[in-house]
Amino acid sequence: MREVFPGVYMMKRTWGSNVYVLPGDNPVMIDAGFPVDRRRIARRLAGFPSDKRWLLVATHYHLDHTGSMKWISESFETTIAAHAGDAPVMEGSMPYDIFKLNLPQTVYYKTLSPLFRYQYVSVDRKLEEGDVLDTLGGLEVIHIPGHTRGSIALYQENRGILFSGDTVRNENGVLEGPPPQFSIAPVESFTNIREKLLNLDFEVLLPGHGDPIIGGARDEVHRMMSRRGGTE
Ligand SMILES: [Zn+2]
Ligand SMILES: [Zn+2]
């Protein structure tokens, strides 16, 4: 786990999403990998000396971002937080969205489905636009539906950092929007990127997948939108 920005640690190469850890008086973990990542994640968390309750935040309900939450919540003192639009899926009262996958993808996910079983958690804190998480001097919840109903970004103006979940991903050095085959309304995601995220003042992007961008991140997102040629 390396400190990618002062106070922000990242666990890379989980099977699922990037996992960010913000230790301190109000320790926070952002996203939680697949279920198979759970032991590694728990070991890393245990390495941060803290008798405080961890806030586990999901940028959205997808399994690659929430897979280890159940297990971690049983091993540590935790509060689980997610946007109110996605909490019902995490709690099992609303179904996981069905995606249109091609044949190889269908075979792949069916074969591996025992590894990918969704484990429901109760979401202790239902987040809304404008809520502020009390860590790193305040992380603001930005609601950016499109990838899922309750996708969020987390933003801190003072330090110019943005956690973008799957709405902006870094694919081998090239920024991309959410994967369309796994998104309920990708066009809405791009509208939110343009109208909400690009109005924020950030230099550092901490995406759900791929390397962080430290410096010039807003310009990079702007370039990503320009590549779309304004067709969104
Ligand atoms: Zn996702
Ligand atoms: Zn993801």
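The model is predicted: local features need pLDDT of at least 70, side-chain atom pairs count only at pLDDT 80 or more, and totals for chains, interfaces and linings use all residues. Residues are numbered from 1 along each chain as its sequence is written, while chains are lettered from A and ligands numbered from 1 in the order in which they are written.

**Whole protein**

Start with everything selected. The protein holds seven helices and 15 strands; these are DSSP runs numbered from the N terminus, helices being H or I of at least four residues and strands E of at least two. The C-alpha trace spans about 50 × 45 × 30 Å along its principal axes. The radius of gyration is 17 Å, which agrees with the value near 17 Å for a compact globule of 232 residues; this radius is taken over C-alpha atoms, and the globule rule is 2.2 Å times the number of residues to the power 0.38.

Of the 232 residues, 42% are buried. A residue is buried if 20 or more other C-beta atoms lie within 10 Å of its own, exposed if 12 or fewer, and partly exposed in between, with C-beta atoms placed from the backbone.

**Seven-stranded sheet**

Select β1 to β7. They form an open sheet in the order β1-β2-β3-β4-β5-β6-β7, with mixed pairing; two strands pair if DSSP finds at least two bridges between them. β1 (2–5) and β7 (125–127) are the edges, each with a single partner strand, so one side of each has no neighbour in the sheet. From one strand to the next the twist averages 30 degrees.

Next, zoom to β6 (residues 78–83), which runs parallel to β7 and is joined to it by three bridges. Here His-83 stands opposite Leu-127 in β7. Contact requires C-beta atoms, placed from the backbone, within 7 Å.

**Six-stranded sheet**

Now select the open sheet β8-β9-β10-β11-β14-β15, again with mixed pairing. Its edge strands, β8 (132–133) and β15 (213–214), each pair on one side only. β11 (residues 161–165) pairs with β14 in the parallel sense over four bridges, and Leu-162 has Leu-205 in β14 as its bridge partner. α7 packs on the sheet, touching β11, β14 and β15, at about 65 degrees to the direction of β14.

**Core**

Show Tyr-20, Met-29, Leu-56, Ala-82, Ala-153, Leu-162 and Leu-205, the residues with the most contacts inside the largest nonpolar core, which has 51 residues. Such a core is a set of buried Ala, Val, Leu, Ile, Met, Phe, Trp, Tyr and Cys residues joined through C-beta atoms within 7 Å. Leaving aside neighbours within four places in sequence, Leu-56 has contacts including Met-29, Met-69, Ile-72 and Ile-80.

**Glu-203**

Finish in the loop between α6 (186–195) and β14 (204–207), at Glu-203. Glu-203 counts as partly exposed because it has 16 C-beta neighbours inside 10 Å. Not counting residues up to four places away in sequence, Glu-203 touches Gly-160, Gly-215, Gly-216, Ala-217 and Arg-218.

Definitions and conventions:
Axes are lines fitted to C-alpha atoms, for helices over the stretch in contact, and angles run from 0 to 180 degrees between N-to-C directions. Two residues are in contact if their C-beta atoms, placed from the backbone, lie within 7 Å.
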